[in-house]
Amino acid sequence: MHVLSIQNASWTATKRSMTQILVAMLAVCVVGCFGANTPELVRPEVAKETLITALTAWKDGSQIDVLQTQSPAIVVQDMDWSAGKQLKEFALQGDGKAVGANLSIEVELILADSSGKTSNPKVWYLVGTDPALTVFRDMFH
């Protein structure tokens, strides 16, 4: 019986600590999401231009990190580009949709792997314009 009450006290302390951690994390999120440093809403035309610039660089054979050295810098993440696939063609599918500080936009790609085999995926990108220009493949869309 004595062991059980020690375990219950320990479990209660653990639950209290977990609750305190969750409350602290929520407070940080609220301040970060709604505080003075909240990013501006996406600028759709700038986002589309940024995406076209990034995809054109890929199509022209540039390395993915080259865009970070240009002015303005563009941070890009795309697993196919990083894996060395070649972009043969691309076509934006519509104007996309503003999602907070990003533009979510579908793009049809024509890719070639190292053996020359082509694929034609339709993928989604999240393109940010503030505070930095970013192009990320949306893996959850």
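**View 1. The whole chain, end to end.** Starting at the N terminus, the elements go α-α-β-α-β-β-β-β-β. That makes three helices and six strands in this predicted model. Of the 141 residues here, 25% count as buried. Take the contacts between residues at least 6 apart in sequence, and 51% of them join residues at least 24 apart.

**View 2. Zooming in on the one aromatic pair.** The structure has one such pair. Its partners are tryptophan 58 and tryptophan 81, and their ring centres sit 5.2 Å apart with the planes at 5°. Planes under 30 degrees apart count as stacked, so this pair gets that label. The two come from distant parts of the chain, 23 residues apart: tryptophan 58 belongs to helix 2 (residues 44-59), while tryptophan 81 belongs to helix 3 (residues 79-82).

View 3. Are they buried or exposed? Buried means under 20% relative accessible area. Tryptophan 58 comes in at 3%, so it counts as buried. Tryptophan 81, at 7%, counts as buried too.

**View 4. A nonpolar patch on the surface.** Met79, Met139 and Phe140 make up this patch, and together they have about 380 Å² of accessible area. Look for methionine 139 in the segment after strand 6 (133-137). With a relative accessible area of 46%, methionine 139 is partly exposed, because that class lies between the 20% and 50% cut-offs.

Methods
Residues are numbered from 1 along each chain as its sequence is written. This is a predicted model: local features need pLDDT of at least 70, side-chain atom pairs count only at pLDDT 80 or more; totals for chains, interfaces and linings use all residues. Side-chain values use heavy atoms; hydrogens and water are left out. Helices (H or I, at least four residues) and strands (E, at least two) are DSSP runs, numbered from the N terminus. Buried means under 20% relative accessible area, exposed over 50%, partly exposed in between (1.4 Å probe, protein chains only). Contact means heavy atoms within 4.5 Å. Patches are made of residues with over 30% relative accessible area and no salt bridge: like charges are joined within 9 Å, nonpolar side chains (Val, Leu, Ile, Met, Phe, Trp, Tyr) within 5 Å. Accessible areas come from the Shrake-Rupley method with a 1.4 Å probe; for residues, only the protein chains shown count as cover. A salt bridge is a side-chain nitrogen of Lys or Arg within 4 Å of a carboxyl oxygen of Asp or Glu. Rings of Phe, Tyr and Trp (its six-membered ring) pair if their centres lie within 6.5 Å; planes under 30 degrees apart count as stacked, over 60 as edge-to-face and the rest as tilted.
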